[in-house]
Amino acid sequence: MAGSTLEIKDLHVEIEGEEILKGVNLTINGGEFHAVMGPNGTGKSTLASAIMGHPKYEVTKGQVLLDGEDVLEMEVDERAQAGLFLAMQYPSEISGVTNSDFLRSSINAQREEGDEIPLMQFIKEMDATMDSLEIDKNMAQRYLNEGFSGGEKKRNEILQLMMLKPAIGVLDEIDSGLDIDALKVVSQGINQMRDDKFGCLIITHYQRLLDYITPDHVHVMMQGRVVKSGGPELAHRLEAEGYDWIKEELGIDDETVGQKA
Amino acid sequence: MAVETHLPYDKQYVTEYSEKRNEPAWFKDIRLKAFDLAEELPMPKLEKTRIRNWNFTNFKHDVAGNHIESFDELPEKIRVLLGEGVEDRNLIVVRNSDVAYAKLSENLKGKGVIFEDIFTAMEEHSDLVQKYFMQDGVSVDENKLTARHAALLNSGVFLYVPKNVVVDEPIQVVFWQEDNEAALYNHVLLVADQHSQVTYVENYVSNNEEEETVANTVSEVFALDGAKVSYGAVDNFAKGTTSYVNRRGTVGRDATLEWALGQMNDGNTISENITNLMGDNSLSHAKAVTVGRGNQSQDFTANIRHYGKASEGYILQHGVMKDRAASIFNGIGKVENGAAQSNAEQESRVLMLSDGARGDANPILLIDEDDVTAGHAASVGRVDPLQLFYLMSRGISRKEAERLVIHGFLDPVVREIPIETVQTQLREVIEGKVY
């Protein structure tokens, strides 16, 4: 098995009646790292949220398939159990639920009843993963994301990614708010996940993340669509020249979603 | 429907009841005066809860309860409250109006600790009980219900910890209303003398889903100078019980009083928790949780009054409302003139689980002193869909995600309950009430 395949076909998404995604097409295979880039306001985070089933986003047209299964028909928890994971840009704070209890519940939710992860094994794995992400040990007993700094929240998302080992990971602006040292640590964690089964969709508007994680495919989003795709060299050109040359190619002035043609 | 507002018991009954119990004259006197006051005084005034149709008069007053020889005689519901190691626990089990079981370790007896039912205490330590009983804590003449409490008192516990004695093991009382119509007019008198320390936990349990009765309970807690008292409670009266609960603290210089209250009654409830910070550098945390369900209506007041300089009071109330339950949460921080450098903080939060439920948080700060710190936070809201999305995105089902959010919401108070088995049991009560 070469892992799972996530197919996004002609995806249209609205938020509060306004269309944000206007026909996105993307296919991510197990073993591949895809980067979706683009300036702010072009629909990147909407794509990530819609794949996972964020309650504010309404899919009006198109398909999302995981190994041929209709993801859009699934509840959010079923999507996770099918193998999807979203590292969120703004993870919720949940008082009274410790990070460690949450993680264990999450892992057990994806295992059969009666096959729960043994406590000692869980603690060992969590400790080792926290060490590799240079996370303070007391974070395990703190309430989920409550009072976490921006950097701590991002590391916590990657901790969950590494512990839950999904088939397809979607990382929404995982680099925003991280200083360079934290960025390196987080990137190392993501790189550790790389194997021939794990597929990853990395959403960013900074090229600098891609200095540490080399994508196999790079896509540029503007006006709610993927307007250009290429290999790692596309990221390098964007780093050197910015986005203006793409806008020129396409003949557009404003790359954001709200623009009427 | 007309509701009977007069007691089915007369003054003659109260006199005979007192004589039957061989009570000291001073107490019989309080009862009879209280009986007259109860006729005249008005019901307690609640700003936002209507109690006119609540049952305060239909109940059986004098119901005996058998002594137990073994804990096996207790129903499962009571045994889970006691947990492991109960044989060694300093414990009183009250069954209806009688003591079914009582134990205080020889060690604590040797140190002068008194822990007995209030009628025994009135016989054996009459002066001590008289000194504190409804004098500086709750007064007989506050309203009709406090007066009825004194007139009809049928149960209670006296706990006295002498100067400098530190009681390490928690002390527990279970009030079990085995008879579905038995009323509980219960008085807890807890005196922690100077520089002593004690942890006390009480459970109230009944099973009267259909039958109506009344619980009118008063706790008076005195933390004298330098003393430290932890007071935990799980109130779990069934639907048929109308409850009037008064918990009152008096805190001396450098003393601490910590309340952790699980207010889990299923019937209509008025629950008032007032702490008077009399001494300089006194401190109190008043933490309470509740879950409202069915058609029940509840009125909660947490009130900390600052008299001593540099006194600190922290109120934390969290409530979950479902079905058509209605609850009012009053948080009152009062700083008297002269209580300089005091800090009065409060937080009341209500989580609504259904459209028919009602919750209202009223934060009140009354400050008569310039040099103080004070703050309040209050909110009434629903379960945040983004929190559910986040939890579910990790594979957790909607039901389990809601459960986590609700338990998490109540946990800051639940984990403060002193005895672990009671804490576990409170979590189970919450689980049972929420689902």
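Q: Which residue meets Asp266(B) in a salt bridge?
A: This is a predicted model, in which local features need pLDDT of at least 70 and side-chain atom pairs count only at pLDDT 80 or more, while totals for chains, interfaces and linings use all residues. Side-chain values use heavy atoms, with hydrogens and water left out. A salt bridge here is a side-chain nitrogen of Lys or Arg within 4 Å of a carboxyl oxygen of Asp or Glu, and at 3.1 Å, N to O, the partner of Asp266(B) is Lys433(B).

Q: Is Lys433(B) buried or exposed?
A: Buried means under 20% relative accessible area, exposed over 50%, and partly exposed in between (1.4 Å probe, protein chains only). Asp266(B), with a relative accessible area of 12%, is buried. Lys433(B) has a relative accessible area of 2%, and so it too counts as buried.

Q: Which residue of chain B forms a salt bridge with Glu157(A)?
A: Between chain A and chain B the count is two salt bridges. In the one formed by Glu157(A), the closest N and O atoms are 2.6 Å apart, and the partner is Arg394(B).

Q: How much area do chain A and chain B bury between them?
A: Buried area is the accessible area (1.4 Å probe) that two parts lose on being put together, summed over both. The contact, meaning heavy atoms within 4.5 Å, takes 33 residues from chain A and 19 residues from chain B. Of the buried area, 65% is on carbon and sulfur atoms, and the total is about 2000 Å².

Note on methods: Residues numbered from 1 in each chain as written. Chains lettered and ligands numbered in written order.
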